Amino acid sequence: MLDRIKDLAQTLAPRLIEIRRHFHAHPELSGQEYQTSAYVAGVLSSCGLHVKEAVGKTGVVGELTGEGSDRRLLAIRTDMDALPIIEGTGLEFASHQRGIMHACGHDIHTTVGLGTAMVLSQLGAALPGNIRFLFQPAEEIAQGASWMVADGAMAEVNAILSLHVFPTIPGGSVGIRYGALTAASDDLEITIMGESGHGARPHEAVDAIWVAAQVISALQQAISRMQNSLRPVVLTIGKIEGGRASNVIADRVQMVGTVRSLHPETYERLPAWIENIVTGICQTYGAKCQVNYQRGVPSVQNNPALTQLLETAAKEAWGGDRVQILLEPSLGAEDFAVYLKYAPGTMFRLGVGQPGKTNYPLHHPQFEADESAIVTGVVTLAYTAYKYWQNPMAQSTDWQI
Ligand code: NI
């Protein structure tokens, strides 16, 4: 079966590269993926999938029913949106939309999703189970997965797979990670209210800028002294605003930041812990405060059994040299985590690095991807899907999260 999947993917390679270049040249921002989703729906329909459009606003769902007796439903999720970046690659298929660029490789993801659907739809009677392809919008604003789920995309799903390109892994290789792959990402907004006064007589006022400085220092120090160093927490205050003039004590400071964590227990405790520290400092110095802690997306926690299945499939397909076991997670965020509340899953990194070239990071105006990775992604997903239905583990309850 592996050879058949590889042959099918290889035969499709020129068509897939054409599709990817089309997406790359016609990027759309989060929540506005109208042309992309229409194109996706067209390809899925032509492969005989049952297609639903406008799932999760601009998302698409395609269902493929296997002819085997296994009724379990496997989902494969890819994302479709681009970024507000002016492309600087100079590629012949560079963005036609000035100021919008596929700088996070979602054009590759969408193409891999379509390629996997094309390959699996050609297996006919050899496809043992049922598969649902989720093409989600708005990953970059961390909303699309929730929109898809709200529209029922995860109903009946038993397991879910996904991928993200990665420029530091060479094209043709994949990276697999057990446990946490990406961090939980929450938003923090702190308002400190002091009392205004003359800059020369601070003791008659409550200096909100000084209290804000204490709060920032205290939070950073408390992370180092009070959080388990083996369970990372990153808190970044990215914006701070307050004050009016050089000789006027500021009565109000507002700051916003992002909080990243990996461990589920840390994640649970962080909102109250942060609020306690901020409130304590403000009370000490006579200021008032408001702490608004908003949950963003949780950490992507790869399911061990599914990750093992993916590793075995990838090693059979590509050999051990082209399968990296990733030792470090990322403190970036990924809304694939939202699906994992409903079914176990695993996400892998698809290498798109090009040897001998500068491999710019994701979200860089000169980010480029090795297109040969599309076939690597398609074969890895299609063969993992096939093995999912072969694997007796998949029958057991050990697949629960
Ligand atoms: Ni991305």
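In what order do the eight strands of the open sheet lie? The order is 1-2-4-3-5-16-6-15, and the pairing is mixed. Strands (E, at least two residues) and helices (H or I, at least four) are DSSP runs, numbered from the N terminus. Two strands are taken to pair if DSSP finds at least two bridges between them. The model is a predicted one, in which local features need pLDDT of at least 70, side-chain atom pairs count only at pLDDT 80 or more, and totals for chains, interfaces and linings use all residues. Residues are numbered from 1 along each chain as its sequence is written, and side-chain values use heavy atoms, with hydrogens and water left out.

Axes here are lines fitted to C-alpha atoms, for helices over the stretch in contact; angles run from 0 to 180 degrees between N-to-C directions.

Strand 1 and strand 2 pair in the antiparallel sense over five bridges. His50 stands opposite Glu63 of strand 2. The two strands form a hairpin with three residues between them. Gly56, in the turn, has a positive phi of about 60°. A positive phi also occurs at Ala54, near 55°, in a residue other than glycine. Ala54 belongs to strand 1. At 53% relative accessibility, Ala54 counts as exposed. The cut-offs are under 20% relative accessible area for buried and over 50% for exposed, with partly exposed in between (1.4 Å probe, protein chains only).

Strand 2 is largely enclosed by the rest of the structure, because five of its six residues are buried. Five bridges join strand 2 to strand 4, and the two run antiparallel. Val61 has Leu134 of strand 4 as its bridge partner. Ala138 has a positive phi of about 55° although it is not a glycine. Ala138 counts as buried, at 0% relative accessibility. Elsewhere in the sheet, strand 6 (residues 174-176) and strand 16 (residues 345-353) pair in the antiparallel sense over two bridges. Gly175 stands opposite Arg349 in strand 16.

Two helices lie across the sheet strands. Helix 2 (residues 34-46) lies across strand 1, strand 2 (59-64) and strand 4 (130-136), running at about 170° to strand 1. Helix 3 (residues 106-121) lies across strand 2, strand 3 (73-79), strand 4, strand 5 (157-170) and strand 16. Its direction is at about 160° to strand 4.

Asp107 lies in helix 3. Asp107 counts as buried, at 0% relative accessibility. The Asp107 side chain makes a polar contact of 2.7 Å with the side chain of His24. A polar contact is a pair of N or O atoms within 3.5 Å; within protein, one must be able to donate a hydrogen and the other to accept it, and residues adjacent in sequence count only if both atoms are side-chain atoms. Neighbours within four places in sequence aside, Asp107 is in contact (heavy atoms within 4.5 Å) with Arg20, Phe23, His24 and His102.

A nickel ion has Cys104 (SG), His106 (NE2) and His164 (NE2) as its protein donors, lying 2.1 to 2.3 Å from it. Donors are N, O and S atoms within 2.8 Å of the metal (3.2 Å for Na, K and Ca); water is not among the atoms, so sites may look incomplete. Along the chain, the donors follow the spacing C-x1-H-x57-H. Both Cys104 and His106 are buried.

The largest nonpolar core has 67 residues. Such a core is a set of buried Ala, Val, Leu, Ile, Met, Phe, Trp, Tyr and Cys residues joined through side-chain atoms within 4.5 Å. Leu120, Ile131 and Leu350 touch the most other members. Helix 9 (residues 373-390) gives the most to this core, with 12 residues. A second, separate core of 27 residues includes Leu188, Ala212, Ala218 and Val291.

With neighbours within four places in sequence left aside, Leu120 is in contact with Leu64, Leu127, Ile131, Phe133, Ala382 and Ala385. The C-alpha atoms of Leu120 and Leu8 are separated by 9.2 Å, although the two residues are 112 apart along the chain. Leu8 has its place in helix 1 (residues 2-25). Leu8 is buried, with a relative accessible area of 16%.
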